[in-house]
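Please keep the sequence and the 3D view open as you read.

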Amino acid sequence: MSGGGAARRFAIGSYTPDGPGPGLHLVERSADGEWRVLASAEASNASFVARSGDLLAAVGEDESGSVSTFRVVGDAIEPVDSVEHGETHPCHVVVDAAAGVVLVANYGSGSVTAVPVDAAGSLGRPSTLALPPRTGPVADRQEAPHAHQVVPTPWGTHVVSDLGGDALHEFAIDPAETTDAATATLRIVRTIELAPGTGPRHLLVRDGVLHVVGELDGHLHSFEVDATSARAAGTEPAVVRPPADDDDVVQPSHLDVAPSGRQFTVTVRGRDAVSVFDATDAAHPRVAAEHPIGARWPRHHAHVDDRTVVVAAQEGDALVEVDLVTGGTRRALDLTAPACILPLD
């Protein structure tokens with residue numbers, strides 16, 4: 001594993017399987033590669049975390065559905081505000097500081113919620129955009145829309161993946177018409193269709209290409225996109241070795257890009273592995289390696305550098321470092337049900 005350099009800090013969101021408890025953590029990786037928890041905060045099922053400066057926003061992935069804000073002050077996490085929005089099982093959050101909103105993808109309700117947020121982290125009254133009614137062929141997963149991730153585009157809109165409806169919906173944020181309006185409103189401006197049974201989950205937009213992993217079909221899909229057009233560029237398996245049978249589960253979870261931009265990485269549940277893609281051709285990434293991580297259910301990951309990723313192994317109750325060159329692994333930190341790892345510096 002790589003060592004040396006400066007110490008780095010990360011925010012970790014985790015599930016709280018025993019009820020409300022410490023679900024948001026501030027952790028540090030020292031210059032010599034050792035990990036430790038600096039602080040924890042009460043946050044029920046904080047399965048995803050976003051940041052804007054020293055402000056953190058975390059979802060509460062519960063039936064009631066909530067989003068909470070926190071501030072990182074030194075080596076501490078201080079709660080700021082929390083709002084229940086009534087949409088079920090929110091699983092992703094992003095802060096749009098320019099628009100003054102927190103955007104939440106609600107898996108259970110199949111919707112996106114916008115919550116006003118000010119510079120201090122105070123939250124306003126939520127408003128919600130229901131995704132168009134769509135279904136897919138995987139009956140137990142695609143009986144209705146299921147929003148999974150929201151990402152910004154370079155031209156000022158956002159894209160939400162609909163795992164249940166095999167679609168990517170691009171939406172605009174319309175500002176409130178009056179200063180006392182509750183919040184901005186969300187408006188779908190374009191839909192990108194995917195093949196039935198894809199189950200789009202996590203995505204990224206860079207260099208004029210949108211990439212999205214299919215949780216249900218186990219592939220990475222690429223589209224050349226700009227503000228007015230979207231064209232399919234290609235599809236690549238998310239693993240080196242095709243599934244042998246129905247018991248060989250390939251369920252991609254998170255897609256990330258190395259700091260250099262030359263590689264993509266995808267965590268794969270079931271296989272419990274991280275796949276490495278050669279991304280030198282931005283529109284046509286190719287899977288190059290697949291490394292088992294030695295822990296169950298890798299839900300999310302982040303790059304320490306081009307060579308090393310740290311993986312949140314939800315059912316393995318650990319953060320695991322993976323060397324993308326040798327495939328070597330190291331159980332870096334024991335932590336209950338980690339679900340998201342967010343670099344802070």
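## Charges

In this predicted model, the chain carries 24 positive and 48 negative charges, and their mean positions lie 5 Å apart. Lys and Arg count as positive, Asp and Glu as negative, while His and the chain ends are not counted. Each charge is placed at NZ of Lys, CZ of Arg, CG of Asp or CD of Glu.

## How to read the values

Residues are numbered from 1 along each chain as its sequence is written, and side-chain values use heavy atoms, with hydrogens and water left out. As the model is predicted, local features need pLDDT of at least 70 and side-chain atom pairs count only at pLDDT 80 or more, whereas totals for chains, interfaces and linings use all residues.

## Overall fold

The chain has 28 strands and zero helices (DSSP runs: E of at least two residues for strands, H or I of at least four for helices). Its radius of gyration is 19 Å, close to the 20 Å from the globule rule for 345 residues, so the chain is as compact as a globular protein of that length. That radius is taken over C-alpha atoms, and the rule is 2.2 Å times the number of residues to the power 0.38.

## Cysteines

You will find zero disulfides here (a disulfide being a pair of cysteine sulfur atoms within 2.5 Å). The sulfur of Cys91 has its closest cysteine sulfur in Cys340, 11 Å away, which is too far for a bond. Cys91 counts as buried at 4% relative accessibility, and Cys340 counts as buried at 1%. Buried means under 20% relative accessible area, with a 1.4 Å probe and protein chains only.

Technical notes
Buried means under 20% relative accessible area, exposed over 50%, partly exposed in between (1.4 Å probe, protein chains only).
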